[in-house]
Amino acid sequence: MMRAMMLASAGLLTLAAVPARADDLRDAVAADLPGLVALYQDLHANPELSFQEVETAAKLAARARALGFEVTEGVGKTGVVAVMRNGDGPTVMLRADMDGLPVIEQTGLPYASKRRAVPATGIETGVMHACGHDTHMAAWVGTAQLLAERRDQWSGTLVMILQPAEEIGEGAKAMLDDGLFTRFPKPDYVLAFHDAAQAPAGFIGYSKGFALANVDSVDVVVPGVGGHGAYPHTTKDPIVIASSIVTRLQTLVARELDPQEPAVVTVGSFQAGSKHNIIPDEARLQITVRSYADETRQHLLDGIARIARGEAIAAGMPEDKLPRVTVSDPYTPATYNTPEFTDRVMEGLKGRFEGRVFETKAVMGGEDFSQFYRADRENVESLIFWVGGVRASEWEKAQKGEIELPSLHSPFWAPDAPVVIATATEALAAATLDLMKKS
C-alpha cells in the first residue's frame, strides 16, 4: 500500500492506468453493484452502536436466508452466522463487522446519518459509520450473492458471519464465547477486509505476519497528600509524582525495548486538581499501550506498574498510598496474518487486480478480528487486508498538498463506496472460490 501511495504521488500509477480484464466474476459484481450501493446507503443512514446492531443484523440475516444460507441470529448478543454446506472440502469463514461509532456525521452526504443513540457512557450522541463498516457489510452481501450463485464452482462449507462490537473490541470474543467454533463449523481459513482512509480507492494492501497491534487501556490512580499551594512542604504533590511517571514511561520504548521492536506508550489523559492554589490529593492517568508480540505487551504493562510504584516510593509515599494500576480486560490482541496463507491469497489477487495489490507495513491500530486466529492457532489460517477508499480526485489533491485527507473515525470520512464495495466483493469471492475449488 505504501508503494502504491508513493507511485501514485509520483504520478506513475493511477486507477485509470490499471488495465481492465474481461471476467465473469467482475461482470457479475458490476451487475450487482447498484443494489449493493443502495444497501450501503441505507446502512450508512441507519448506523447502530456496538451491541445495539439489532436492525442491521435482522436486515442482513434476511438477505442471507433468502440466498439459501442456514442463518442463526443472536450469536454473541447481536451477531449473525450464515452457513452454506456444499459437499466435501475446506471450511472458509468470511467476516464483516456491523457497528457504527458515537460520532456526529459531517460529510454532507444526502444519505448522511441523523441517528442518535446512547452508548455505554450513558450520554446521548450522534451515530455514524465513520470507520466504513457499512462498506464491509455491503461487500459481505455481494460476496454471499456471488458464492450462492456459483455453488457448482466450489465445494466445502462456507460460514459467513456478521460481527458486532468491533469498535469496542469485544464482539469477536462474544461470538466465540457463545460457541462460534463449537456450535457451527470451525473454519480452516478466516478472511476479512477493512477499508483504508489513506490509500487510493480500489488498491489492496496486505501485511504478512503481524498486521495490527495489541491494544491495551491502562488507568493509573496516583494518590498524594493534598494541601495549600503556598505550603507544598506539608503535602505530597500527586501532580509532581504523576508528571515523573509520565516522563519515565517514555523510557519503556526508548531504552528498554529492542529498537526494532515496535511499541507505543501514550498518556492520553492527565487529570488532577481544581484550583490554582490547591494541591490535590489525587491525580489520574489514562494510557494507551500498543505492541505486536505478547512478550512485548507484558513487558510494557509490567513496566508501567513498576515505574508508577517506583516514582511514588522515590517521592516518599508510604506503601498504603502507592499508585493503583488497572489494565482493562478484555483487551484487543494483535492481528496476525498467517504468512503462507497470505501469500496464497495475494498471489491470486495480484493476477486478478494487476498493479493494484501491494504489501504494506503493519499498523498500530487494533482489530478484534485477531480473536478468530488466536482461538485455535494450530488449525486456523487467517488474513485481513485493506481496500483503499480515497476518491481519485481527492487523492490527487492530497498528493499536491491542496487538502488533508480525513482519517478513519473522522466525522468527514466518506469512502468511494462503489469502488470499495466492488473491489472487496470481487476479492473476497475470488479468494474463496480459489480456496474451495472443486478438485
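I began with the second largest cavity and found H194, L212, E367, I384, F385 and W386 in its lining. For the record, I work on a 1 Å grid over the protein atoms alone, where a cavity is a set of points that a 1.4 Å probe fits but cannot leave, a pocket is an open set with protein on both sides within 12 Å along at least five of seven lines, and a lining residue has an atom within 4 Å of a point. This is a predicted model, in which local features need pLDDT of at least 70 and side-chain atom pairs count only at pLDDT 80 or more, while totals for chains, interfaces and linings use all residues. Residues are numbered from 1 along each chain as its sequence is written, and side-chain values use heavy atoms, with hydrogens and water left out.

**Entry: cavities**

How much space lies in the second largest cavity? I noted about 30 Å³, a volume being the space filled by probe spheres set on grid points that are joined across faces, edges and corners. Strand β18 (residues 381-390) supplies the largest share of that lining, 3 residues. Helices (H or I, at least four residues) and strands (E, at least two) are DSSP runs here, numbered from the N terminus. By class I get 4 nonpolar, 1 polar and 1 charged residue in the lining. Nonpolar covers Ala, Val, Leu, Ile, Met, Phe, Trp, Tyr, Cys and Pro, charged covers Asp, Glu, Lys and Arg, and polar takes the others, Gly among them. The structure holds 2 cavities of 30 Å³ or more.

**Entry: the largest pocket**

I then looked up the largest pocket, whose volume is about 870 Å³. Its lining has 37 residues, with L212, R290, G365, G366 and E367 nearest the centre. Elements giving two or more residues to this lining are α1 (2-9), β7 (189-200) and β10 (214-223). β7 gives the most, with 6 residues. I sorted the lining into 16 nonpolar, 11 polar and 10 charged residues. L212 and E367 also turned up in the lining of the second largest cavity.

**Entry: α2 against α3**

Helix α2 (residues 24-45) packs on helix α3 (residues 54-66) at an angle of about 160°, with the axes 11 Å apart. Axes are lines fitted to C-alpha atoms, for helices over the stretch in contact, and angles run from 0 to 180 degrees between N-to-C directions. α2 and α3 are therefore roughly antiparallel; angles over 145 degrees count as that, under 35 as roughly parallel, 65 to 115 as roughly perpendicular, and the rest as oblique. The crossing of α2 and α3 is right-handed, meaning that the near helix is turned clockwise from the far one by less than a right angle, with anticlockwise being left-handed. L39, D42 and L43 in α2 meet T56, K59, L60 and R63 in α3, contact being heavy atoms within 4.5 Å. I count 3 nonpolar, 1 polar and 3 charged residues in this contact.

**Entry: α2 against α4**

Helix α4 (residues 133-149) packs with α2 at about 140°, and their axes are 9 Å apart. The pair is therefore oblique, and the crossing is right-handed. From α2 I listed residues including L25, A28, V29 and D32, which belong to a contact with α4 residues including D134, T135, M137 and A138. That contact has 11 nonpolar, 4 polar and 2 charged residues.

**Entry: α4 against α11**

The axes of α4 and helix α11 (residues 417-435) come within 8 Å and cross at roughly 45°. That makes α4 oblique to α11. Their crossing is right-handed. On the α4 side I wrote down T135, A138, A139, G142, T143, L146 and L147, and on the α11 side A417, V420, I421, A424, T425, L428, A429, T432 and L433. The classes are 11 nonpolar, 5 polar and no charged.

Most residues other than glycine have a negative phi, and most peptide bonds are trans. A cis peptide bond joins D329 and P330, with omega about 5°. P330 is in the loop between β15 (324-327) and β16 (335-337).
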